[in-house]
Amino acid sequence: MATLTFEQARQCVLKNLCAAQPQPKIEVVSLSEAAGRVLAKPLTSDRDYPSLARSVRDGFAVRAADLPGELLVIGEVRAGELFPGDLQPGQALEIMTGAPLPRGADSVVMVEHVTVAGDRVTVPRTIEHGENVSPRASQARENQVLLEAGHRLGFSEIALLAMVGWSTVPVYVRPQIAILATGDEIVEVKESPLDYQIRNSNVESLAVQVRRAGGCPTILPIARDTYQATRELAEHGLRFDMLLLSGGVSAGKYDIVERVLADLGAEFFFDRVLIMPGQPLVFGKAHGRFFFGLPGNPASTMVTFEIFARSAVELLGGQKQAHLPLLWSKLSQDFHQKTGLTRFLPAILSPDGAEVTPLSWQGSGDVPSLSRANAFLVTEPDRESWAAGEWIRVLLK
Ligand code: AMP
Ligand code: MG
């Protein structure tokens with residue numbers, strides 16, 4: 001079975017998802033419900049934007065060729081009005097921000113740059129042709145495609161939909177993602193665990209991460225570490241658009257997830273990635289559905305979802321691009337590591353993003369440390385040390 005580097009594993013996930021060409025169904029939602037959804041049809045412009053040349057300043061509409069000079073003020077035009085007449089040479093029209101330019105004018109001189117006396121305005125300077133004017137169709141032409149299908153809708157896209165008059169929006173139906181925790185030691189959240197038991201936190205974090213990626217999570221009952229229980233639940237999970245399993249993918253005697261999936265006819269793309277946390281990590285396809293076998297330690301589960309499964313959910317949801325924003329920031333202190341793995345370590349990014357500080361943590365089970373973090377420090381596998389002030393990659397949490 002394949003052991004891959006972080007980059008290879010990521011390419012493998014993206015390549016397989018793209019090759020599958022997900023074709024989600026389409027549903028229509030109201031504009032107010034469209035944020036966070038993925039646009040299912042191209043958004044076209046219903047008219048030119050702006051539909052007329054408009055002033056972007058308060059001032060006087062003029063012919064640039066008349067300046068400098070003294071002009072006759074023939075009236076005013078406000079936003080929401082259209083001036084009926086033409087501007088002749090030697091004339092100016094008082095104009096407000098957002099108001100359409102009168103015929104004959106080509107520029108606007110700012111009110112701060114003129115002196116007004118009665119019906120005369122004196123402009124002591126020249127201006128550029130077109131200055132302070134937003135020309136017709138300079139933002140978009142009628143019928144121009146403004147957003148392609150596959151674009152996830154945020155606040156500015158909602159403004160754009162509103163601008164062109166879409167009160168309802170065709171979006172892709174969210175992918176259904178099954179979440180299956182495995183383990184004899186796992187108990188429900190509302191139970192009191194014995195000292196050797198652990199509450200099922202992974203399905204809760206995964207459900208939140210799935211929703212954030214645009215998917216619709218369903219949490220299946222806990223699979224005990226028996227072949228039969230794991231097989232039945234995994235088979236059920238493979239009826240969803242994708243299956244996420246947590247735990248049972250290491251080399252222990254009761255880590256049976258891979259065997260179960262193999263017996264279900266799975267094709268495996270990789271089962272180990274040179275990362276920390278989360279080395280044993282399975283990605284494959286069975287019954288025509290993708291699955292991830294995520295390692296059970298909570299930090300491993302969360303990190304491997306973020307760097308691999310999140311993109312898979314996004315692509316299954318019809319997004320054209322899956323995002324993994326790796327930014328750069330400066331280390332606030334020296335940092336050392338053993339080479340060989342790409343590490344994703346809990347860290348605090350300063351509020352301005354300028355500086356990153358690694359947090360102390362006790363390994364992949366340390367949820368409290370992860371909860372204090374707002375980012376992951378991402379190390380290159382072949383580098384041993386960084387000095388304070390050096391650039392290092394950061395993944396936002
Ligand atoms: P595994 O990958 O199955 O060997 O699990 C490794 C460790 O992760 C277990 O010993 C638990 O401490 C923890 N773990 C596994 N599954 C869960 C879960 N669903 N919720 C919280 N912790 C878990
Ligand atoms: Mg286990």
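Helices (H or I, at least four residues) and strands (E, at least two) are DSSP runs here, numbered from the N terminus. This is a predicted model, in which local features need pLDDT of at least 70 and side-chain atom pairs count only at pLDDT 80 or more, while totals for chains, interfaces and linings use all residues. Residues are numbered from 1 along each chain as its sequence is written, chains are lettered from A and ligands numbered from 1 in the order in which they are written, and side-chain values use heavy atoms, with hydrogens and water left out.

The spaces are found on a 1 Å grid over the protein atoms alone: a pocket is an open set of points with protein on both sides within 12 Å along at least five of seven lines, a cavity is a set where a 1.4 Å probe fits but cannot get out, and lining residues have an atom within 4 Å of a point. Grid points are joined across faces, edges and corners, and a volume is the space filled by probe spheres set on the points.

The largest pocket holds about 520 Å³ of space. Its lining has 30 residues, and E185, G247, P295, G296 and N297 lie nearest its centre. Both β16 (198-199) and α6 (298-316) supply at least two residues of this lining. For the classes, Ala, Val, Leu, Ile, Met, Phe, Trp, Tyr, Cys and Pro count as nonpolar, Asp, Glu, Lys and Arg as charged, and the others, Gly among them, as polar. The lining of the largest pocket then divides into ten nonpolar, 15 polar and five charged residues.

What takes up the space of the largest pocket? Ligand 1 does, where a molecule sits in a pocket if more than half of its atoms lie within 2 Å of the grid points. Around ligand 1 there are 17 residues (a heavy atom within 4 Å), and I198, N200, G248, G296 and N297 come nearest. This shell comprises four nonpolar, ten polar and three charged residues.

Polar contacts are pairs of N or O atoms within 3.5 Å. Oxygen atoms of ligand 1 lie 2.9 Å from a polar backbone atom of G296 and 3.1 Å from a backbone N or O atom of N297. E185 takes part through its side chain, with a polar atom 3.3 Å from an oxygen atom of ligand 1. Taken alone, ligand 1 exposes 490 Å², and the protein buries 81% of that (Shrake-Rupley method, 1.4 Å probe).

The second largest pocket has a volume of about 310 Å³. It is lined by 15 residues, with P22, Q23, P24, D241 and L316 nearest its centre. By class, they are seven nonpolar, three polar and five charged.

There is one cavity of 30 Å³ or more, and the volume of the largest cavity is about 60 Å³. Of its 13 lining residues, V38, R174, P175, G214 and G317 are closest to the centre. Six residues of the lining are nonpolar, three polar and four charged.

The backbone remains. Most residues other than glycine have a negative phi, and most peptide bonds are trans. Q21 is not a glycine, yet its phi is positive at about 45°; Q21 lies in the loop between α1 (6-19) and β2 (26-30). The bond from Y49 to P50 is cis, with omega near -10°, and P50 belongs to the loop between β3 (43-44) and β4 (54-55). L67 and P68 are also joined by a cis peptide bond, with omega about -5°, and P68 is found in the loop between β5 (59-62) and β6 (69-77).

Methods: Polar contact = N/O pair within 3.5 Å; in protein donor to acceptor, adjacent residues only side chain to side chain.
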